[in-house]
Amino acid sequence: QHRRVPKEKHSEFFFGHRRRAPGDESPLVRWVHMDGLDLTLILAMAVKYGLHPLCVEDVIEQNPTKIDRFGCHYFAVVEQLIL
C-alpha cells in the first residue's frame, strides 16, 4: 500500500503505530521515500525505529546503494536513478 503523507500528518506517521489485521503474521515493512534531505525527518525516523547511528550517517552522507543487517533487521539505502 503506497500513500503520500502530507507534512501536517508527519507527526502522526512517525509517532503512531500501524495495526495488523487479525491473524496476519507477515513481517512489517515500512518503505520511506524522501524527496530531498530533511534532517528533522531523518532524525525522527532514527528515534522511532531505533536506527543504528551508522545507518543514519549513510543517509545523511548520501552513500551509494547498500544493505546492512543489524540483528534481525535490514537497512537499505538505495540511490535514485533518473533517466
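Guide: Start with the contacts. This is a predicted model. Among contacts in the protein chain between residues at least 6 apart in sequence, 23% join residues at least 24 apart.

Visitor: What makes up the secondary structure of the protein chain?

Guide: Three helices and two strands. From the N terminus on, the order is α-α-α-β-β.

Visitor: How many of the residues in the protein chain are buried?

Guide: Buried residues make up 17% of the 83 residues.

Visitor: Why does Asp-58 count as buried?

Guide: Buried means under 20% relative accessible area. Asp-58 has 7% relative accessibility, so Asp-58 counts as buried. Asp-58 lies in helix H3.

Visitor: Which residues of H3 are buried?

Guide: Cys-55, Val-56 and Asp-58, in a helix that spans residues 53–60.

Visitor: How do you know which side of H3 they are on?

Guide: They cover an arc of only 155° around the axis, so they sit on the same side of H3.

Visitor: What do the buried residues of H3 pack against?

Guide: Helix H2 (39–49), strand S1 (66–70) and strand S2 (73–77).

Visitor: What makes the link between the side chains of Asp-58 and Lys-66 a polar contact?

Guide: The cut-off is an N or O pair within 3.5 Å, where one atom can donate a hydrogen and the other accept it. The Asp-58 and Lys-66 side chains are joined at 2.8 Å, so the distance meets that cut-off.

Visitor: Which residues does Asp-58 touch, not counting those up to four places away in sequence?

Guide: Asn-63, Lys-66, Asp-68 and Val-77.

Visitor: What follows H3?

Guide: Gln-62, with a positive phi near 60°.

Conventions
Residues are numbered from 1 along each chain as its sequence is written. This is a predicted model: local features need pLDDT of at least 70, side-chain atom pairs count only at pLDDT 80 or more; totals for chains, interfaces and linings use all residues. Side-chain values use heavy atoms; hydrogens and water are left out. Buried means under 20% relative accessible area, exposed over 50%, partly exposed in between (1.4 Å probe, protein chains only). Helices (H or I, at least four residues) and strands (E, at least two) are DSSP runs, numbered from the N terminus. The arc is that of the directions from the helix axis to the C-beta atoms. Contact means heavy atoms within 4.5 Å.
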